[in-house]
Amino acid sequence: MSKDSRLDIDPQQRLIEIPEQPPKPLRVIAPKNPVWTENKAQFIMRYLRYFVYITKHGTYIDGFAGPQAERETDSWAAKLVLESEPKRIRHFHLCDANPAQVTRLEALKSSQALTDSSGKPIHRDITIYSGDFNKRVDEILESGTISEKEATFCLLDQRTFECEWATVEKLARYKKSGMKIELFYFLANSWLNRALSAQKDMDRLARWWGHDDWPKLRDMSRDTRRDAMIERLKSDLGYKYVMPWQIFKRKTGGIVMYYMIHATDHPEAPVQMSRAYRNTVLPLEPVEQLELGLEAESKGPQTQPPPPLSGQRSA
Ligand SMILES: C[S@@+](CC[C@H](N)C(=O)[O-])C[C@H]1O[C@@H](n2cnc3c(N)ncnc32)[C@H](O)[C@@H]1O
């Protein structure tokens, strides 16, 4: 048993373990309530709120940034992250291939406040990129904002097969020292078999999966594909902690629509992701309470163990 203080917790707490090679195993509290599609953006924003509270700065890359609903909405990750307090993320890179979505991103950029809630000027830059993220990713990486020490989070919120594996690799390998760019990768689940059968463009599949075994994709079970993706993020790209977060179809649980796979080198990041998942549906805690929460979470859970998610199944 590790002597890490975060593991020094009430044995009655129900924990899920993140399978880990060195450096050390991490355990996070199993979630009580499912996160469902409608509040995925809240989940992302919540995590980044905790993330910047630790890092005090940051760069946010959103490769597929237009709103899912193709209209201005409060379930839009880029919007919620931009508006979240405290405003510590200094650099935003938002890309979309659809011109109408780019127009929405430009409008979102123009609507941003110039001062924060306490009246202080906000020093940040927001760059909008129009086009295929797989092509524009190099420009974003070379923009000059992502130094070796810059805490950088990249959302890869594709619809199904848009984000090529080579792009994931470029992001993961960009930094040569320290913590890699954190990834939050969308992996379809409930409709993936159907989408694979319907996909006629084999090159597209090969580019998406990016591994020699892509012709076997259709024969793999959903869980095998998910586990293979997790394993590659660890073994091929070297991420220390990789964890899939289930996003359900409905508030009540049931079908896992897709996974958001979190890949990071920071041992605190999965702990805060777990906290974000559990808190997604709760009212936002005031900024003054953020620090208290961070400390409590890192030392171990203070609350009663949650019951299992009801009706949870893979698809
Ligand atoms: C699932 S939506 C993103 C949802 C968004 N993250 C939200 O919170 O609402 C996917 C977006 O990716 C865009 N897209 C599709 N292919 C793309 C590509 N190759 N490069 C960049 N954007 C792309 C679509 O136009 C769409 O706006």
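Colleague: As a starting point, two strands count as paired when DSSP finds at least two bridges between them. Which residue in strand 6 stands opposite His 93?
Modeller: This is a predicted model, and in it His 93 stands opposite Thr 127 of strand 6.

Colleague: In which sense do strand 5 and strand 6 pair, and over how many bridges?
Modeller: Strand 5 pairs with strand 6, residues 125-130, in the parallel sense, and six bridges are found.

Colleague: Turning to the ligand, how many residues surround it, and which are the closest?
Modeller: The ligand is surrounded by 19 residues, of which Phe 64, Gly 66, Gln 68, Ala 77 and Asn 98 are the closest. Strand 5 (91-96) and helix 4 (133-141) are the elements that give two or more residues to this shell.

Colleague: How do the residues of that shell divide into nonpolar, polar and charged?
Modeller: Eight are nonpolar, six are polar and five are charged.

Colleague: Let us go over the backbone. Where is the cis peptide bond?
Modeller: The cis bond joins Glu 85 and Pro 86, with omega at about 0°. Pro 86 belongs to the loop between helix 2 (77-83) and strand 5.

Colleague: And what is phi of Lys 56?
Modeller: Phi of Lys 56 is near 70°, which is a positive value in a residue other than glycine. Lys 56 sits in the loop between helix 1 (40-55) and strand 4 (59-62).

Colleague: Is Lys 56 buried or exposed, and why?
Modeller: Lys 56 is exposed, because it has 9 other C-beta atoms within 10 Å, and the class applies at 12 or fewer.

Colleague: What about phi of Glu 70?
Modeller: Glu 70, also a residue other than glycine, has a positive phi near 55°. Its place is in the loop between strand 4 and helix 2. Glu 70 is exposed, with 11 other C-beta atoms within 10 Å.

Colleague: With which residues is Tyr 185 in contact, leaving aside neighbours within four places in sequence?
Modeller: Tyr 185 is in contact with Leu 156, Val 168, Ile 261 and Ala 263.

Colleague: Which residue in strand 9 is the bridge partner of Val 35?
Modeller: The partner of Val 35 is Ile 247. Strand 3, residues 35-36, and strand 9 pair in the parallel sense over two bridges.

Colleague: How does strand 9 run relative to strand 10?
Modeller: Strand 9 and strand 10 (residues 253-264) run antiparallel and are joined by nine bridges. Ile 261 in strand 10 is the bridge partner of Pro 244.

Colleague: Why is strand 9 said to be largely enclosed by the rest of the structure?
Modeller: Seven of the 10 residues in strand 9 (241-250) are buried, so the strand is largely enclosed.

Colleague: Finally, how many helices and strands does the protein have, and what share of its residues is buried?
Modeller: There are 10 helices and 10 strands, and 37% of the 315 residues count as buried.

Definitions and conventions:
Residues numbered from 1 in each chain as written. Predicted model: local features only at pLDDT ≥ 70, side-chain atom pairs only at ≥ 80, totals over all residues. Near = placed C-beta within 6 Å. Helix = DSSP H or I, 4+ residues; strand = E, 2+ residues; numbered from the N terminus. Nonpolar A, V, L, I, M, F, W, Y, C, P; charged D, E, K, R; others polar. Buried ≥ 20, exposed ≤ 12 C-beta atoms within 10 Å, placed from the backbone. Contact = placed C-beta atoms within 7 Å.
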